[in-house]
Every structure is written in C-alpha cells, then in structure tokens.
Amino acid sequence: MQLRYLSRADIDALDISMADVMDAVEEGFRRKTMGQTQMTAKAFVTPRPGEAGLMSMAAYVGGVEAVAIKWLGWCTAKREPRLPLHTGLVILNDPDTVLPICIMDAAWVTAMRTAAACGVAMRHLGPAQATTGAVIGCGVEGRSNLQAMLACYPDMSELCCYDISAEAAENFAREAAEQYGLNVTPTPDARSAVVDADVVVTATSTGATPFLRADWLKQGAIATPVDLWGAWEADLAAKVDKLVTDDYAKYDSFRSSERLKDIPQPYAELGEVVTGAKPGRETSDERVLTMMGGLPVQDAVTAQLAYQRAEAMDVGVCLPL
C-alpha cells in the first residue's frame, strides 16, 4: 500500500488550467444540488487565539467519487516574512477502501477552487461579453480570480486594479500585463477601478471596513467577492437583481455578523443555476452579486483533479503507508 505526495512544485508541473478546475468545481456544485454529496462543518482549533489557528473541512462527492479532508492553517502574527499566510494539506482517500491515496499542498487547492467557484458564477450569471474587469485586493486570491475572469472572458482587454498598498497594485499590474497581454491600470482609488467594470472581484481582508458603494456597480455587471463582502457595503445585497450563494445554510450563518444581519434571502444556490433548476442571467442589464463562503466539495473535486493528473503523468513521490 502506498500514497502519492504532491508538493506545490509537483502540482505546478501538472499545468492544470483554471478552466479545468472550473469544470471540476461546476460538477461538484451539480452533484451537491442533486443530493449526492456529504460535507462536514468547519472545525476550528486556535492554538494562538487571534494570531494562529487551523480548521478542517471534509467532503464526499458521489458520481465523481471524490472524498477528501483539508487541514488548513493561518498565521497573522509572529510570521517570518517569507512564510505564507495560509498553509496546509489535503488528504484524498479511496471511497471503497477508505485508504489515503494522496497528500497534497492545500494552498494551491484553496486558491484555485475559490476562484473557480467565482468563475462558474461568471459563466452562468455574468454578462455575455465583458471587456473591462476590476480586481480589488492584489494578493494570491486576486491573481487566481483574474485567471477565472480570463477563462470566462478571453477577449477581455482592459483591467483596473486597486490595493491599499500601491506597490502591491503596481506589481500586480505589471505581472498581469506581461502574462496576459492586458492593458492594466492601477487606480489611485477603489471607485475608479470599479465604476466601469463588467466584472468585479474583491479579494480584501474579510474583516475590512467596507469602502465600495452599491451604486458603483454598473448595470449589467457581476460582483464576485471572495472576502465575504469585506469591501462592499452590505446594502448592495438588497440592490442587485440576483444574489447567489453556494449554500443556503452557510449563507444564513453570515447573519450572525452585525453588519450582515439584515441581508436578504438569496435568489439561488449556484448549483441550482448550474443544473437549470433556476435561471441564470436573464437580461443584459441585471446586476448580480455572489456570496459564497467556500465548500469542502470544491476542495475534494479540485484535489481529485490534481491527483488524477499526477497519476497519469507519474508526478510526485509515492510513499509507503
């Protein structure tokens, strides 16, 4: 008996595209709506309250037969400059024997599956055509969500970006221009980045003070925050035409926050839109907002995609159990 270990370098060598991950995550949402998934609630331990903690998330996805658990940690204080904010592992198991078959880097899985969910939302709820995008928050999630944006809108030519760190925004703009051939403009303020954008991704700190106003999201645009509305003012939820989440129960839990206690009921779960149970975008001028907290189903299908690719390419290190 043996399992395959995939380092971050191993996963990078697999050359998995964002479109591939979006396909896998979309199938995960489909299976969830069909009642073929099992998920645990997030379980937390905080060895250093306010400074460092870890959480576990597990899921089984029927049909694609993916079963996995993610053990993800974060450290906001006493961290060496070169250490990542988030780090951890994903363990894949064989659903028949329940033996572990693969261990891999969780940071890649988390960044890709989070952006892929936004990409799936853009596919089904975004404008038919988008030429201008905006990224607010120019870190890891901002970069992965740009990949999702371009997977949906390969003809996009203009991008604006904003970050409280001007240096971070400049670096992001330079990298995006070099890598994707975009015309990228770091803006001096957030409003300038957002007002003309067809697609807006916000990837700021979850506990940030909101600084984006609802009337800055133009008609026909989609906003896909990955920061639990850290950037947008909460009243945007009541002013858009469609508000979509990944899980009703998880969405209800957001109301425990004083700022979000009055958010309206969502139009649909993304899986309902994917399966056709509820329509996606219906008019060109609809404004759409997503509110997705992330599900272990996404981790399981993304990790399985990496594992299957590694098996086919014989990448990684096989270790005895």
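## A strand pair and its hairpin

Alanine 59 sits opposite alanine 68 of strand 5. This is a predicted model, in which local features need pLDDT of at least 70 and side-chain atom pairs count only at pLDDT 80 or more, while totals for chains, interfaces and linings use all residues. Residues are numbered from 1 along each chain as its sequence is written, and side-chain values use heavy atoms, with hydrogens and water left out.

Strand 5 (residues 66-75) pairs with strand 4 in the antiparallel sense, over 10 bridges. Here strands are DSSP runs of E with at least two residues, helices are runs of H or I with at least four, and both are numbered from the N terminus; two strands pair if DSSP finds at least two bridges between them. The two strands make a hairpin with 4 residues between them, and glycine 63 in the turn has a positive phi of about 85°.

## On to strand 6

Strand 5 is also joined to strand 6 (residues 86-93), by 8 bridges in an antiparallel run. Here isoleucine 69 faces isoleucine 91 of strand 6.

## Glycine 53

Back in strand 4 (residues 52-61) you will find glycine 53. Glycine 53 has a relative accessible area of 3%, so it counts as buried (under 20%; exposed is over 50%, partly exposed in between, with a 1.4 Å probe and protein chains only).

Beyond its neighbours within four places in sequence, glycine 53 is in contact (heavy atoms within 4.5 Å) with Val45, Thr46, Pro47, Leu72, Gly73 and Trp74. From glycine 53 to glycine 73 the C-alpha to C-alpha distance is 5.6 Å, with 20 residues separating them in sequence.
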